[in-house]
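Look at the chain below from one end to the other.

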Amino acid sequence: MTFDVKFLETRKSELEKRREEILRELNADTVQGDGNDFSAKFEDYGDKEDENAAEVVDFEKNLSLEKTLEISLFNVDKALRKIDEGNYGLCESCAKPIDPKRLEAFPSATACMDCKRKSL
Ligand SMILES: [Zn+2]
């Protein structure tokens, strides 16, 4: 174990709070599907041409928001699982512990700064 219990508990409560926020945003802008699979909401404004165009624009907005939120949710869930499994905070590429300051700023980080920089 690389991090102390208090550090992990703080990260865990942050991640759980973040998870609730993501779920709230997903439910506000999209239609919930099975489990963590969400679908973007398609609103029906009417049958006129400009109404149809607005429907498509808003649907695309919801779709990209949904994708972003889904990825965030996936990473948050993964981090929470790692806390339970006892391998939280280890870089997925080089297996070295991630800088605690980075985890404080970004609790769902999965790579250390060195590997992150290399992958960019
Ligand atoms: Zn690394």
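Confidence in the protein chain is lowest in strand β1 (residues 30-32), with a mean of 63, and highest in helix α3 (residues 100-105), at 94. These values are pLDDT, the predictor's confidence in each residue, from 0 to 100. Where pLDDT is low, the predicted coordinates should not be read in detail. The chain averages a pLDDT of 90, and 92% of the residues score at least 70. This is a predicted model: local features need pLDDT of at least 70, side-chain atom pairs count only at pLDDT 80 or more, and totals for chains, interfaces and linings use all residues. Residues are numbered from 1 along each chain as its sequence is written.

The protein chain has 4 helices and 2 strands. Helices (H or I, at least four residues) and strands (E, at least two) are DSSP runs, numbered from the N terminus. From that end, the elements run α-β-β-α-α-α. The radius of gyration of the protein chain, 18 Å, is well over the 14 Å that the globule rule gives for 120 residues, so the chain is more spread out than a compact globule. This radius is taken over C-alpha atoms, and the rule is 2.2 Å times the number of residues to the power 0.38.

Helix α2 has 37 residues and reaches 53 Å from its first C-alpha to its last, close to the 54 Å expected at 1.5 Å a residue. The expected span is 1.5 Å times one less than the number of residues. The buried residues of α2 are Leu-73, Val-76 and Ala-79. A residue is buried if 20 or more other C-beta atoms lie within 10 Å of its own, exposed if 12 or fewer, and partly exposed in between, with C-beta atoms placed from the backbone.

Those three residues of α2 belong to the largest nonpolar core, which has 8 residues in all and also holds Leu-15, Ile-22, Leu-26, Phe-38 and Tyr-88. The elements that give two or more residues to this core are α1 and α2. A nonpolar core is a set of buried Ala, Val, Leu, Ile, Met, Phe, Trp, Tyr and Cys residues joined through C-beta atoms within 7 Å.

Which residue in the loop between α2 and α3 deserves a look? Ala-95 lies there, and Ala-95 has a positive phi of about 65 degrees although it is not a glycine. Most residues other than glycine have a negative phi. Ala-95 is exposed, because 10 other C-beta atoms lie within 10 Å.
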